[in-house]
Amino acid sequence: MKRYLILLAGVVANLCQGVAYTSSIFMLPLGAALERPRETWSSEWGLIFAMTLCFLPVGMLLSGKLADLGFTRLTAAIGAVLFGGGLLLASRGGTVGYMGLTLGMMTSIGSGFAYGTVIGAAVRWFPDRRGLASGIAVAAVGVGPIVLAPVASFLMNRYGVMNMFAILGVATLILMGGAAACITNPPAGYVPEGWMPPAVPRAGAPVAAKENLDWKRMIARPLFWLLFVTYFCGVFAGILVNGLAAPIAIELAGFTPDRATLAVMAFAFASAGGRVLWGLLSDRFGRVRMVSAAFILTAATMFVLNGYVSTPGVYLPCVVLAGLCYGGVFGTFPSLNADCFGVKHAAVNLAVLFISFSLVALLAPQVVGYYRSGGAAEYPKAFLVAGCIAVVGFVLSILIGRTVRANAGAGAAPAAKGK
C-alpha cells in the first residue's frame, strides 16, 4: 500500500507542472499585458516557451544524484519552491528577458527537480509494473492541463493574466510541497511482496538490465545515442503542436478562442492517456514495438495536418492523435532507459537522456516561427517537417530493436525486445 501512496503523491506533484502545457492559452494575453508588438511577440514567446521546457534536464541533473542517494523529499521540495516561486515572480510582469528567467527558466528547473524525483521513485517502487507506474507518473503532467486550462482561462478572464500567475504560484507551492513530504525511495534490493522476476520473460516483454550503469558508462554505449536521437524525433511533433495549439487553432483552423482552449485540453487529455496506455502495453509487448507504433501514427497525423489543417473537422482529431503518440513516447522512454541501463542511477540517467528533449524545446518553436512568418500558406509546412522527423524516428526505432537483440544474443543486458 505504501508504494501506491507514494505514487499518488508523485501524481499530485506532476499534475501541478501541467501549467507549462497550458501556456499557449495565455500567449496572446501575455503579449498584450507586456505591450509587445504583435509582429515580434511570436518569436519572443517562442523563446519563453522553449525555456519552460529546455531547462528540465538541468533540474533533473542537479536533483538526480541527491535523489539516487535517497534525498527524495529534499529534491521534490526544492522543485516545489522553484516552480511555484517562478510563477509568483512572473506575476510581477516586466521584460521578455525577465519572463524568460521566471516563467521560463525558474519553473523549468523546478519542474526538473520534481519530475526527476517522481519518475526515479516510480521505477524503483514498481519493478513488477515499471512501464505502467512510470506511465501513470508522467501522465499526471499531461492530465494537469485538463484541469488547469479551464482554471487558468477563468482566472485570466476574471483577474488578468498576471494575477493568474500569482494564484497558480501559491496553489502549486502548497500542493507540490505537501506531495514532496511523502515521496521516498524504497530500501535497497526492494521486491514487492509475492513477486519474483520471471525466469523466462514473455515473448516481446522487456527485461530488466543486468547492469546498473552510471551516466558516464551509459553514454559510452552506442545504444544510448540511438535512444537519444530517437527520443528527439519522438517528441518533436508533440512539442510543436502543444506549444502553439491555441494560436494554430485560431489562425489556421478557424477556431474561436474558447474552442482553442478545447484544443489545448484535447491534446492534454490524449497525452495523458497515451502515457498510461503506452506504458501498460509496453510492459506486455515491449517498449520498442510501442515506440515504433507511435512514430507511424505521428507521421501520418503530421502529413494530414500539412495538407488539411484548415479543413473543418480535421484539426481536433489530429491534435488528439498527436497528443496520444507524444504521450506514448514520453511515457515509454523512462522505462526503456531503465530497462537498458538499470535503475540504480535512473534519475541522473534520465536527466541525460532528457537533454534531447531540451534540444527539441529550443528547435520546434523556432521551426513554427519561421514558417509562421511566411504567412498562412507557409505555416502548415512546419507539420511536414515534423512528419519527416517522425519517419526518421521510426527507422531509428527499428535499429534500436536490432541492437537490443544483438546485445542480448551476445550476453549483454537485454532491455526491451521488439521490432
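**Helix packing and burial in the predicted model**

The buried residues of helix 15 are Ala346, Ala347, Val348, Asn349, Leu350, Ala351, Val352 and Leu353, where buried stands for under 20% relative accessible area, exposed for over 50% and partly exposed for values in between (1.4 Å probe, protein chains only). Because eight of the eight residues of helix 15 (residues 346-353) are buried, this helix is largely enclosed by the rest of the structure. Helices here are DSSP runs of H or I with at least four residues, numbered from the N terminus.

The model is a predicted one, in which local features need pLDDT of at least 70 and side-chain atom pairs count only at pLDDT 80 or more, while totals for chains, interfaces and linings use all residues. Residues are numbered from 1 along each chain as its sequence is written, and side-chain values use heavy atoms, with hydrogens and water left out.

We can turn next to a pair of helices. Helix 3 (residues 38-54) packs against helix 6 (residues 96-125) at an angle of about 25°, their axes lying 6 Å apart; axes are lines fitted to C-alpha atoms, for helices over the stretch in contact, and angles between N-to-C directions run from 0 to 180 degrees. Helix 3 is therefore roughly parallel to helix 6, a label for angles under 35 degrees. The contact (heavy atoms within 4.5 Å) is made on the helix 3 side by residues including Trp41, Trp45, Ile48 and Met51, and on the helix 6 side by residues including Val96, Met99, Leu103 and Ser108. The contact residues divide into eleven nonpolar, four polar and one charged; Ala, Val, Leu, Ile, Met, Phe, Trp, Tyr, Cys and Pro count as nonpolar, Asp, Glu, Lys and Arg as charged, and the others, Gly among them, as polar.

The largest nonpolar core has 125 residues, of which Leu30, Trp45, Leu103, Phe165, Tyr315 and Phe357 touch the most other members. Such a core is a set of buried Ala, Val, Leu, Ile, Met, Phe, Trp, Tyr and Cys residues joined through side-chain atoms within 4.5 Å. Helix 10 (residues 222-243) gives the most to this core, with 14 residues. Leaving aside neighbours within four places in sequence, Phe165 is in contact with Phe26, Leu30, Leu87, Leu88, Ala90, Ser91, Met99 and Leu103.

Two further residues complete the picture. Tyr98, found in helix 6, is partly exposed, with a relative accessible area of 26%. Glu35 lies in the loop between helix 2 (27-33) and helix 3 and is exposed, with a relative accessible area of 68%. The phi of Glu35 is near 55°, a positive value in a residue other than glycine.

Key:
Helix = DSSP H or I, 4+ residues; strand = E, 2+ residues; numbered from the N terminus. Parallel < 35°, antiparallel > 145°, perpendicular 65-115°, else oblique.
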